[in-house]
Amino acid sequence: MSVVTAQRVVKNYNQNRMEAPALRGIDFAVDEGEFTSLAGPSGSGKTTLLNLLGCLDQATEGQLFIDNVEVATMDKIQLARLRRDKIGFIFQTYNLIPVLTAYENVELPLVLLKKYPPATIRERVFKILADVGLKGLEHRRPADLSGGQQQRVAIARALVKEPKIILADEPTANLDSENSEAILELMKELNQQRRTTFIFSTHDPLVMKYARRLVSMRDGRIVNDERR
Ligand SMILES: Nc1ncnc2c1ncn2[C@@H]1O[C@H](COP(=O)(O)OP(=O)(O)OP(=O)(O)O)[C@@H](O)[C@H]1O
């Protein structure tokens, strides 16, 4: 069953100017438990598509369904709830909160979820930070962490809720191969144990190696889509 479906999705960033559309008609469905990677040259529309799938932006034309509900029918509150409950988003620019420590950044989505008691939250946050290799750095703020460490905080923050769908924009861009491999193994485990659906955008051959489905984009279109 598909968890994400896009039908004839078009995205123009500036509708008043004669700009090339960022997405020119995307038809695409991802089943529960798929481990999918979007590949393609810079500017081909990967980030734009992830932002639409993550309900962070709206399509200009076409329809988008998340867990069988059409995104366009939801109001702001329903969209925020959908993101909170079902989607983990790893941003290319991390989007960590600068005044919060690594621990507090990762804790936040669990606190907002209002589902777990404080002791469980504490345990899960420490565990996921250790899993991404940040043991001992829990109380540092983003400015006192390297780019790769910040990226791992962002990854931990998306994974900690164990959401149904994880959207990850270049999640290994600033990691060395050892850390990339460790993160990908962690994601693979989540994928296999919990049937978490992963959709990445990447230029990293290692991510493509892990992916079970490779979707290639060019100029706002899907030009190839293969499962293996
Ligand atoms: N906020 C924006 N406003 C205007 N145009 C944008 C915006 N974001 C992206 N674009 C344009 O949309 C097109 C697709 O960009 P997008 O960032 O989705 O590509 P990408 O495949 O993710 O690239 P990269 O691999 O460099 O991250 C590009 O032509 C880009 O210039």
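I took helices (H or I, at least four residues) and strands (E, at least two) as DSSP runs, numbered from the N terminus. On that basis I found 7 helices and 10 strands in the protein chain.

I noted that this is a predicted model: local features need pLDDT of at least 70, side-chain atom pairs count only at pLDDT 80 or more, and totals for chains, interfaces and linings use all residues. Residue numbers start from 1 along each chain as its sequence is written.

Overall form came next. The C-alpha trace of the protein chain spans about 50 × 40 × 35 Å along its principal axes. I took the radius of gyration over C-alpha atoms, with the globule rule as 2.2 Å times the number of residues to the power 0.38. The protein chain has 17 Å, which agrees with a compact globule, because 228 residues would give a value near 17 Å.

I then checked burial (buried: 20 or more other C-beta atoms within 10 Å of the residue's own, with C-beta atoms placed from the backbone). Buried residues are 39% of the 228 in the protein chain.

For contacts I used C-beta atoms, placed from the backbone, within 7 Å. Of the contacts with a separation of 6 or more, 70% join residues 24 or more positions apart.

Last, I followed strand E4 (residues 61-66). I counted strands as paired if DSSP finds at least two bridges between them. E4 runs antiparallel to strand E1 (residues 2-11), with 5 bridges. Ala 6 has Leu 64 in E4 as its bridge partner. E4 is also antiparallel to strand E5 (residues 69-70), through 2 bridges. There Ile 66 stands opposite Val 69. E4 and E5 make a hairpin with 2 residues between them. Asp 67, in the turn, has a positive phi of about 55 degrees.

Conventions:
Buried ≥ 20, exposed ≤ 12 C-beta atoms within 10 Å, placed from the backbone. Contact = placed C-beta atoms within 7 Å.
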